[in-house]
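Subject: Structure handover and what was found in it

Dear colleague,

I am passing on the structure below, followed by notes on what was found in it. Please read the notes with the structure open.

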Amino acid sequence: MLKCVYQFNRGEETHALALVFPSKYEGFGLPVLEAMSAGCVVIGSATPPVREVIEDGRNGLLVDFFSPAEIADRVVHAISHPDRMTPIRQAARWTALSRY
């Protein structure tokens with residue numbers, strides 16, 4: 001399941017604040033790379049394919065797939081503290097553009 005959390009900017013444009021990728025069985029997909037290349041925070045399951053690209057707290061946020069509370073906490077944190085997410089957004093973009 002793939003979810004985006006949006007911020008509405010004065011009715012002009014819509015910007016994704018976070019992409020939530022809580023998948024246990026899907027591999028690492030293009031939507032995650034697209035979100036990272038756009039500077040979007042990715043909140044993904046701590047599964048081997050996702051961990052190959054995302055380092056928790058550096059270029060994205062990892063969560064336990066079996067913990068809805070942890071997923072919710074990370075989403076709330078990401079949208080409540082966008083200033084703290086700036087370095088993660090920048091690192092995500094750099095990762096996507098330099099490695100893929």
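Over the chain the mean pLDDT is 85, with 83% of the residues reaching 70 or more. This is a predicted model, in which local features need pLDDT of at least 70 and side-chain atom pairs count only at pLDDT 80 or more, while totals for chains, interfaces and linings use all residues. Residues are numbered from 1 along each chain as its sequence is written, and side-chain values use heavy atoms, with hydrogens and water left out.

Overall layout

The chain contains 4 helices and 4 strands, where helices (H or I, at least four residues) and strands (E, at least two) are DSSP runs numbered from the N terminus. Read from the N terminus on, the order of the elements is β-β-α-β-α-β-α-α. Of the 100 residues, 40% count as buried; buried means under 20% relative accessible area, exposed means over 50%, and partly exposed lies in between (1.4 Å probe, protein chains only). The chain exposes about 5900 Å², of which carbon and sulfur atoms supply 55%, the areas coming from the Shrake-Rupley method with a 1.4 Å probe and, for residues, with only the protein chains shown counting as cover. Among the contacts with a separation of 6 or more, 39% join residues 24 or more positions apart, a contact being heavy atoms within 4.5 Å.

Asn59 and its surroundings

Asn59 lies in the loop between helix 2 and strand 4, and with a relative accessibility of 0% it counts as buried. Leaving aside neighbours within four places in sequence, Asn59 is in contact with Met36, Val53, Ile54, Ile88, Ala91, Ala92 and Thr95. Of these, Met36 belongs to helix 1 (residues 30-37) and is buried as well, at 0% relative accessibility. Met36 and Ala92 are 56 residues apart in sequence, yet their C-alpha atoms are 4.9 Å apart in space.

Salt bridges

The structure holds 2 salt bridges, a salt bridge being a side-chain nitrogen of Lys or Arg within 4 Å of a carboxyl oxygen of Asp or Glu. One of them joins the side chains of Glu55 and Arg58 at 3.3 Å, N to O; Glu55 is partly exposed at 42% relative accessibility, and Arg58 is partly exposed at 35%. Asp56 forms a salt bridge with Arg74, with the closest N and O atoms 2.9 Å apart. Asp56 lies in the loop between helix 2 (48-51) and strand 4 (61-63) and Arg74 in helix 3 (residues 68-80), so this pair ties together parts that are 18 residues apart in sequence. Asp56 is partly exposed at 42% relative accessibility, as is Arg74 at 22%.

Glu70 is placed in helix 3 and is partly exposed, at 28% relative accessibility. A polar atom of the Glu70 side chain lies 3.2 Å from the backbone nitrogen of Asp64, and Glu70 touches Leu62, Val63 and Asp64 when residues up to four places away in sequence are not counted.

A search of the whole structure finds 1 aromatic pair. The rings of Phe65 and Phe66 have their centres 5.1 Å apart and their planes at 85 degrees, so the pair is edge-to-face. Rings of Phe, Tyr and Trp (its six-membered ring) pair if their centres lie within 6.5 Å, with planes under 30 degrees apart counting as stacked, over 60 as edge-to-face and the rest as tilted. Phe65 is partly exposed at 30% relative accessible area, whereas Phe66 counts as exposed at 58%.

Key. pLDDT = per-residue confidence, 0-100. Polar contact = N/O pair within 3.5 Å; in protein donor to acceptor, adjacent residues only side chain to side chain.
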